[in-house]
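Please look through the structure below, starting with the overall form of one chain and ending with the place where two chains touch.

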Amino acid sequence: MSETPLASLPKPAPTEGHPLLEVRKLRKFFPTRAHTFGLRRQWVRAVDEVSFALERGKTLALVGESGCGKSTVGRSILRLVEPTGGEILLDGAHIEALSERRLRPLRRRMQVVFQDPFSSLNPRLTVYEILAEPIRNFGLAQGREAERARIARLLEAVRLPRDALSRRPHEFSGGQRQRIGIARALAPDPELLVCDEAVAALDVSVKAQILNLLADLQESLGLAVLFISHDLAVVEHLAHRIAVMYLGRIVEEAPNEALFAAPHHPYTRALLSAVPVPDPFAPRRRIVLKGDVPSPLHPPPGCHFHTRCPYAVARCREEVPKLRSVGPGHVSACHFDIPLAS
Amino acid sequence: MALSSLTKRRLAVFRAHRRGFWSLWIFLVLFSICLFAEFIANDRPLVIYYGGHWYFPVLFDYSGDTFDPAAMPTEADYRDAELQASIHTKGWMLWPLIPYSYNTVAYDLSAPAPSPPSWRHWLGTDDEARDVLARVIYGFRLSVLFGFTLTAIASAIGIAAGAVQGFYGGLVDLLFQRFIEMWSGMPQLYLLIILGSILTPSFWVLLVFLLLFSWMHLTGVVRAEFLRGRSLDYVRAARALGVSDLAVMWRHILPNAMVATLTFLPFTLSGSVTVLASLDFLGFGLPPGSPSLGELISEGKNNLQAPWLGITAFVVLGGLLTLLIFIGEAVRDSFDPRKILV
C-alpha cells in the first residue's frame with residue numbers, strides 16, 4: 001500500500017530520545033488459592049523482571065513456549081492485568097500506576113489484536129457497530145458521515161469487502177474475522193499494536209495473508225508492533241528484534257538476523273532446531289530437551305533453564321545469569337559462551 | 001428490526017414445544033380477561049341509560065339522587081331495589097356478566113353462607129357471602145400482577161448486583177458474597193410477623209419486603225456469567241479500547257448473560273405467586289378482604305363442609321402455577337443451544 005488510508009489524525013510529534021514503549025523490570029505474580037488455613041499464599045511468577053524497549057515503527061517479537069508469560073507481558077502493557085511491579089513507559093511517560101480514568105486517553109495510542117478470531121468479536125454486534133465503538137468512544141469522528149467514511153477507510157485498509165458492515169462475526173471465516181479484529185484495533189489510530197498470538201489460530205495460507213497485511217499496515221502507518229508468538233517461523237518474516245522468554249524471564253534478545261544466525265542461549269538453540277525446514281533432505285540436528293517446563297509456582301533456583309539444559313553445571317543451579325552483551329544489540333542470559341557447533 | 005436467525009430459531013423451538021406454547025396462549029387469554037376484571041365482575045352496571053342520558057358507573061361515581069330523587073345524595077348503591085326500580089322507569093341498565101365485585105356481600109342467599117354453587121353464584125359464595133368467582137378473577141389478577149412486579153424489580157436488582165460482583169471480582173465479590181450469605185440466612189417469616197405488627201401489610205409494603213430477599217435468586221447465575229464474560233477476548237478488547245465499565249457490562253456481557261437469566265424468569269414468577277399465596281394463607285399477607293388466592297385456600301380449610309371453596313382454590317392456583325411452569329420449560333428449551341429442532 002502506497003498511501004496511508006488512516007493517517008488522517010494529527011499524531012503527537014515524536015519525542016526524540018526515548019523509545020515508544022519501554023518496559024523496565026516488569027513483574028506480574030498471580031496468587032494461587034490460599035492454603036487451607038489461609039497461612040501461606042503461593043505466587044505464580046508469570047513475569048519476573050522483564051525489560052525491553054520498542055522503537056517507533058519497529059516490530060519486537062516476544063517468543064516462548066505456552067505458559068512462559070509472554071501474553072501476560074502484553075496484557076500488562078495494555079493494563080488489562082495490573083502489573084505487580086516494574087515500570088511501563090509509553091513515549092517516556094509512566095503508565096504502570098495511572099488510574100483507569102487517566103489511562104483512558106492513552107488507550108487510544110495502544111491497541112491489541114487477540115489470538116482467537118472467534119472469541120475476540122462480540123457475536124451480537126454487526127461489523128459496523130464493532131468498528132464504530134472505538135471511534136465514538138474516543139470521539140474521533142464528528143457526525144454520522146465522518147464516522148461512515150472512517151469505517152470505510154478501515155475496511156479498505158484490512159481489505160474487507162464493503163458489504164461486510166451490516167453482517168455479524170459468525171458470517172465470516174477465521175481470517176476475515178481476524179481482519180475485523182485488526183480493523184477494530186486500528187480504528188483509534190494507535191501507535192503501538194500488541195498482537196497476542198494474532199495468527200496462531202489460523203490456517204497456514206490465511207496466516208500468511210494476515211502476516212502480509214500486518215507487515216503492510218506497519219509500514220504504511222508507522223506502527224510499532226509487539227508481536228507475541230510461540231512460532232519462530234512466523235516471527236522470522238516480521239520482526240526487527242526478537243526476545244525469547246522462558247519461565248517468566250527474557251533469556252535472549254537480538255536483532256532478527258543475529259538470532260537466527262548465531263543464537264547464543266541453549267534454549268534459543270533448542271527452539272530454533274524445532275522450527276520446521278521446508279526441505280526433507282536438509283541435514284537437521286534436532287536438539288530435544290528433556291523433561292518439562294518446571295512449574296512457575298516453584299521455579300528452579302539459579303538459571304531457570306538448568307533443569308533441562310544439556311550444558312548445565314553447578315554454577316547454573318546457584319547463580320541467576322544476568323543478561324549480558326554477546327554481540328551488537330545482542331544480549332543473552334547464559335553464564336557461558338558455548339560454541340555453536342557443539 | 002429484523003429478527004436474527006438465532007431469535008427465529010428460538011421462536012421455532014418455542015412453537016414446537018406444544019405444551020408450553022398452548023400454556024402461554026391460555027395464560028395470556030386468562031390474564032387479559034382478568035385485566036378487565038371490573039368489566040366482568042362488578043357490583044355496578046356497565047351502562048345506564050336514564051332520562052335520555054348515558055351513564056357509565058363502572059368508570060365514574062354517581063350519587064344516588066342522580067337516578068332516584070328520593071335517594072340520599074351519597075354514592076349510588078346500584079344493588080338497592082328501589083334505585084333499580086327508579087332506573088327501570090326511565091331507562092335501562094346493563095350489568096356485567098357477574099354482578100358481584102370481590103367484596104360485594106350477597107344478602108339474598110338461598111342457603112346460609114358459604115352457599116353452594118348455583119345459577120347466581122357459579123362457584124358458590126365464601127363464608128362471608130361473597131361471590132367466589134368474582135374473588136377468583138380479582139385474585140388471579142392480583143397474584144399475577146404481584147408476581148410480575150416482584151419478579152421484574154427483583155431481577156433488575158439481582159442482575160445489577162450479580163453483574164457488579166462478577167465484573168469486578170476480587171474483594172468486591174468476596175464481601176458481596178459474604179453479605180448475601182448472611183442476608184439469606186435472615187428468618188423472613190419472623191421478620192414479616194414483626195413487620196405486620198408495626199405496619200399494615202399492603203400490596204406495596206409486602207412487595208418491598210419480599211424484594212429485600214428475593215433479589216438474591218438471580219445474583220448467583222448472573223455473577224457466574226459475568227465472571228466468565230469478563231475474561232472473553234472481546235471484553236478485553238473493549239477495555240483496551242477504553243470503553244467504560246458500565247458500557248462493557250451493558251453492551252458486551254449482559255446480552256450474553258441474559259440467556260441464562262431469562263430461562264429462570266418464569267420459574268421466579270411462579271415462585272413469587274406461591275410466596276404471596278402462602279403468606280395470605282398464613283394471614284401475614286395482604287389486608288383482610290383483599291381478593292387473594294391464599295385467603296381462599298385458608299377459607300377452604302376453615303370450611304371443609306363447603307368443598308367448592310377448597311377445590312376452586314386448588315384448581316385456580318394449581319392451574320396458574322402449572323401454566324407458568326410449562327411456559328418456563330418451553331422458554332428454557334428454546335434457549336438451549338443443544339436442542340435439536342425436529
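The paragraphs that follow go from the whole chain to its sheet and then to the contact.

This is a predicted model, in which local features need pLDDT of at least 70, side-chain atom pairs count only at pLDDT 80 or more, and totals for chains, interfaces and linings use all residues. Residues are numbered from 1 along each chain as its sequence is written, and chains are lettered from A and ligands numbered from 1 in the order in which they are written.

The C-alpha trace of chain A spans about 70 × 60 × 45 Å along its principal axes. Of the 342 residues in chain A, 39% are buried (20 or more other C-beta atoms within 10 Å of the residue's own, with C-beta atoms placed from the backbone).

Chain A has 10 helices and 12 strands; these are DSSP runs, helices being H or I with at least four residues and strands E with at least two, numbered from the N terminus. Eight of the strands form an open sheet with mixed pairing, in the order β6-β7-β8-β3-β9-β10-β12-β11 of chain A (strands pair if DSSP finds at least two bridges between them). In chain A, β6 and β11 (324-327) are at the edges with a single partner strand each, so one side of each has no neighbour in the sheet. Strands β9 (residues 241-246) and β10 (residues 249-255) of chain A run antiparallel and are joined by 6 bridges. A:Val244 stands opposite A:Glu252 in β10(A).

Finally, the contact between chains takes 20 residues from chain A and 12 residues from chain B (C-beta atoms, placed from the backbone, within 7 Å). On the side of chain A that touches chain B, α3(A) gives the most, with 3 residues.

Key
Two residues are in contact if their C-beta atoms, placed from the backbone, lie within 7 Å. A residue is buried if 20 or more other C-beta atoms lie within 10 Å of its own, exposed if 12 or fewer, and partly exposed in between; C-beta atoms are placed from the backbone.
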